[in-house]
Amino acid sequence: MSKIPVTIITGFLGAGKTTLLRHLIEKSDGRRIAIVVNEFGSLGIDGETLRGCSIPNCPEEDIVELTNGCLCCTVADDFIPTMEALLDRPTPPDHIVIETSGLALPKPLLKAFGWPSVRTRMTVDGVITVVDAPAVADGRFADDPEAVAKQREEDESLDHDNPLEEVYEDQLDSADLVILNKTDLLDDAALTAVEAGLAARKRRVRVIRAREGRVDPAVLLGLAAAAEDDLAARPSHHDGADEHEHDDFTSFVLSLPEQASAEAFIARLEKVAREHDVLRMKGFARVAGKSLRLGVQAVGARIRHAYEQGEAPEGRLVVIGLHGLDPAAVQRSFDAG
């Protein structure tokens, strides 16, 4: 029997992984694709978003959600049993796609495909890393070298590690294909500069420009990378480390009352993001007089929203930021409007 191919979709918080995945499902042309969604935090917004997309060939039972920990840290407890359950179905899927947490390191997950119970039955068809082009252009993942040098001159004991850059680089260095997403938000000069930075990396892979995650499934599936057999060519900041910690980041969930208007709600979210340097917000809200829920996706202060199918009996918002982000302070800022 041939092995079932598995595609891993990775990328930092808000890069557009779920949007890419939704487009992939919509254009799958009847192929049975099982989806495994892993999120950082206790509330699964991405899985709920996919379930609400009403795509005929993607029934809810084919979307498996894991929200109790990062897959790269909970392989034995979560990942292996989930994959075994998919393999043991009466009709196994034709292809499995794993959307990792935006803070996940792909390499530990790749190593898990060496487990005896899955190695003979699955292969990693490819690792696809989704990149938020505007975030890279803004320097979110890279420290200012001159500023760091100045800090070190003043105090050599300071720790200048950038956890955002570390995760971003690990995701790139595990990739077989890079999707440079949200390219419509940059001019040609900025986009060329981002691509030059990707081209300068030691691990060179194909880079594809995209808007709204619209990429032909024929490009995404069928890479035949067998990535589990190619670990040495995929360097990681955590090579040799026993485990991967998320202590640099924090997440929490805000409960939201019904909103009087979408415009006022989005304005408050923008204010909160700027005041507290929030990395990511995503969730749903109820708006007075509207039967559909309002879906919200934010990267920093860049916020997108749209009415969509699905119930939102209570508004919920997942907030993710660097360690030290105060949930009570964020709630107060939101309530203050």
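What volume does the largest pocket have? It comes to about 960 Å³, a pocket being an open set of points on a 1 Å grid over the protein atoms alone, where a 1.4 Å probe fits, with protein on both sides within 12 Å along at least five of seven lines. The volume is the space filled by probe spheres set on the points. Of its 41 lining residues (those with an atom within 4 Å of a point), Thr18, Thr19, Glu212, Gln297 and Arg304 sit closest to the centre. β11 (302–308) gives the most to this lining, with 7 residues; strands here are DSSP runs (E, at least two residues) and helices likewise (H or I, at least four).

This is a predicted model, with local features needing pLDDT of at least 70 and side-chain atom pairs pLDDT 80 or more, while totals for chains, interfaces and linings use all residues. Numbering runs from 1 along each chain as its sequence is written, and side-chain values use heavy atoms, leaving out hydrogens and water.

On the aromatic side, 3 pairs turn up (ring centres within 6.5 Å; edge-to-face means planes over 60 degrees apart). Phe12 lies in the loop between β1 and α1 and Phe141 in the loop between α6 and α7, so the pair ties together parts 129 residues apart in sequence. Phe12 is buried (under 20% relative accessible area), at 5%. Phe12, Phe141 and Tyr168 make up one aromatic cluster.

How values were computed. Phe/Tyr/Trp six-rings, centres within 6.5 Å; stacked < 30°, edge-to-face > 60°. Buried < 20%, exposed > 50% of the residue type's maximum accessible area, 1.4 Å probe, protein only.
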